[in-house]
Amino acid sequence: MTSISPERIHVLNKHDVNVEGNYVLYWMIANRRLHYNPSLQYAVEIAQKLGKPLLVFEAVSTRHEYASNRIITFMTQGLLDNLEQFNAHHVRYIPWVSTPLQSGAGLLEMLAAKSCAVVTDLFPTYHPKYVLNQVKARLSVQFVAIDGNGVLPLSLGERAFPTAHSFRRHVHDHFAHHWALTPEANPIPKKHDLWIPDEMFESIIKASGVELTPFEWLWRVSQGGTIGENALSALDIDHEVSAVTAMIGGHSSAGVRLNRFMDEGLNHYHTNRNDFIKPAVSGLSPWFHFGHLSTVEVISRILEQEGWNSTFIDHSRRGSRSGWWGLSEPVETFLDQIITWRELGFNFAYYRDDHTSIDSIPDWAKKSLDLHRNDPRSNYTFEQLEAAQTDDELWNAAQRQLTRLGIIHNYLRMLWGKRILEWAPSPEQAAEWMIRLNDRWALDGRDPNSYTGIFWVLGRHDRAWGPERPIFGKIRYMSSANTARKLKVGPYLKRWAKDALQSNEFS
Ligand SMILES: Cc1cc2nc3c(=O)[nH]c(=O)nc-3n(C[C@H](O)[C@H](O)[C@H](O)COP(=O)(O)OP(=O)(O)OC[C@H]3O[C@@H](n4cnc5c(N)ncnc54)[C@H](O)[C@@H]3O)c2cc1C
C-alpha cells in the first residue's frame, strides 16, 4: 500500500518487485527536489515496506539538443543544493552529470540490476519523456514513474482539453479531492533505516561501473563565470548560451524568490504583473521547469496564508476565472495561472504527441493562417532574429533579455511570439523559429508550457478574433505600438538596449 494516489502511479513494465534486491533506486530526472516530491515519497514507502535502503540518483544529461552552459550550470546548482538536503536527511544521494564516455541509459541498467525496483519521474515532454521510452523495456526489475507535475494527476484528464475554460471546470471538479492527497512536504521520516552503509555503497558503485561526478567539478560549474566555463569546456554542449548569474538553481534560492513574491508581489498580481519596472510576478518558472520547486509547495503556502479550506468554495462559480476559490482577486488570478494555465499545458503535452507541432492548433486557426499564407511579409532571416536585428526596438529588447538573462518579461513574451509569426516566411517556420529560440535560450524552455505559449501565439487554446488582418487572419493580433501605448516601456528599452551593460545581474 502507498499513500500516493493511484492516478499518479505509472507502472512502465511487467516485472515484479525483486525482494532479493539490495536497495530501492530512485532515478530522479524531473522532480529534482526533496520537498513535495511524490516520487521520493513512493520510493521511501517501498524501501520501508521491504526493509531495504534507498539510493537516490539524480541524473543530468548533457546529451540532448539544447544542452548548454546555461542549463547545465542551473541544474548543477540544483545538484549541490540537493546534496546538502539529502545529506542532512541521511539518505544516499548521487549527483551525476553525463559525459561523452558515460551516458545515463546504460548506467541506469547497471544500477537497476541489483535493485528491488526503480522509481522515476513522469514528465510529458522533451528529454525526460524520451529517456523513459528508451529505457523502459531494458530493465529487469519493476520500473515505476510517478507523476508529480502538478496538483492534479495527468491521467485524471483522460483527454487533451482544447481550452482553458474547459480545463478550468476540470480543475474545479477535482481540486478539493486531490488537494487532500497532495504529497508530503517532507517525505523522509525523522527516524529511518534508509541509509546505505559505506561498504555496501562502495560495492554498488564498483559493481555498476558508475563514474561518480567529482564534487570539485560540480562546485566549479556551479560558480558560473570563467570558472564555470572552464569546467564545462570539455563537454559537447552549446557553450554560446552562457550561464546566468541572476538566477541560481536549487530549492533554496527558489525559496528566497518565493518569499519575496509572497511579501511583495502576490497582492498586486492582478494589477501589476505587466509592470516594466517592478512586475508583480513570481519569476519562478525556471525552478518549476527543472523541478527544483513544486507548484504544490507554492499553492500550499498561499492557501495556508489565506486560511483556505474547501468550505470557501463557491460552487455556483464553477468554470469561472474568479470567485470559485472564495479568495481575494490577486490570489485567484495567480491560482488561475499556476493551476489552470500551467496544468492545461501539461495535460495537452501528455495526451497529444503532436504538442510540439503546428498540427496541434485548431482547425479554424489552420484555415485562417492558410488563407493568408501568401500575404507579403518582412522576411527577416532566423539569424537576424536571433541576433535581435529587427527594426522593432521593443522586440529587439525582449530578444536581448532572452539571450542575456534566459527569460522574457511575461507580457512581452506574447508580443515576441506574435511578431515572429508576422515576420517568418510561413506559420510553420514561425513555430519552428519560436521553438528553436525559446528552447535554446530560455531557462524555462523545453517545458510543456513552452509549447502552450508558442502555439497559443498561433491560436491554440484561443478563439478567433476580428477584424481579420494580413498574415494573422483571425488569429489574435498584438503590436509593439499598442504595447508601448498601453504600458510604460521606457525603462525596459533602456535596460535591454544594445549597448546597455552586458551584465545579467538584473532579473
Ligand atoms: C511565446 C511564449 C513562450 C512561452 N514559453 C514558456 C516557457 O518556455 N516556459 C514556461 O514555463 N512558460 C512559458 N510561457 C508561459 C508564460 O509566459 C510563463 O509561464 C511566465 O511568463 C513565467 O513567468 P513567472 O514564473 O513569473 O509567472 P507567474 O506569473 O509568476 O506565474 C506563476 C506560474 O504560473 C504558470 N503560468 C503563468 N502564466 C502562464 C501561461 N500563460 N501559460 C502557462 N503557464 C503559466 C507558470 O508555471 C508560472 O511560473 C510562454 C508564453 C509565451 C506567450
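Helices here are DSSP runs of H or I with at least four residues, strands are DSSP runs of E with at least two, and both are numbered from the N terminus. The phi angle of A388 is near 55°, a positive value in a residue other than glycine.

Please keep in mind that this is a predicted model: local features need pLDDT of at least 70, side-chain atom pairs count only at pLDDT 80 or more, and totals for chains, interfaces and linings use all residues. Residues are numbered from 1 along each chain as its sequence is written, and side-chain values use heavy atoms, with hydrogens and water left out.

**Around the ligand**

The ligand is surrounded by 22 residues, and the closest are Y269, S282, G283, N410 and S450. A residue counts as near a molecule if one of its heavy atoms lies within 4 Å of it.

| Residue | Atom in the residue | Distance to an oxygen atom of the ligand |
|---|---|---|
| S285 | backbone N or O | 3.0 Å |
| R413 | side-chain N or O | 3.3 Å |
| N438 | polar side-chain atom | 2.9 Å |

Taken alone, the ligand exposes 820 Å², and the protein buries 92% of that; these accessible areas come from the Shrake-Rupley method with a 1.4 Å probe.

Which helix gives the most to the shell around the ligand? That is α13, with five residues. At least two shell residues come from each of α11 (285-289), α13 (329-351), α17 (410-423) and α19 (448-457). Domain 2 (251-351) and domain 3 (358-495) each provide at least three residues of the shell, with bounds taken from an automatic or database domain assignment. By class, the shell holds nine nonpolar, ten polar and three charged residues. In this grouping Asp, Glu, Lys and Arg are charged, and Gly is among the polar residues.

**The sheet**

Six strands form an open sheet in the order β1-β6-β5-β2-β3-β4, with mixed pairing. Its edge strands, β1 (9-11) and β4 (92-97), each pair on one side only. From one strand to the next, the twist averages 25°. Two strands pair if DSSP finds at least two bridges between them. Strand β2 (residues 23-28) pairs with strand β3 (residues 54-60) in the parallel sense over five bridges, and M28 has E58 in β3 as its bridge partner.

**A cis peptide bond**

G466 and P467 are joined by a cis peptide bond, with omega about -5°. P467 sits in the loop between α19 and α20 (480-486).

How values were computed
A polar contact is a pair of N or O atoms within 3.5 Å; within protein, one must be able to donate a hydrogen and the other to accept it, and residues adjacent in sequence count only if both atoms are side-chain atoms. Axes are lines fitted to C-alpha atoms, for helices over the stretch in contact, and angles run from 0 to 180 degrees between N-to-C directions.
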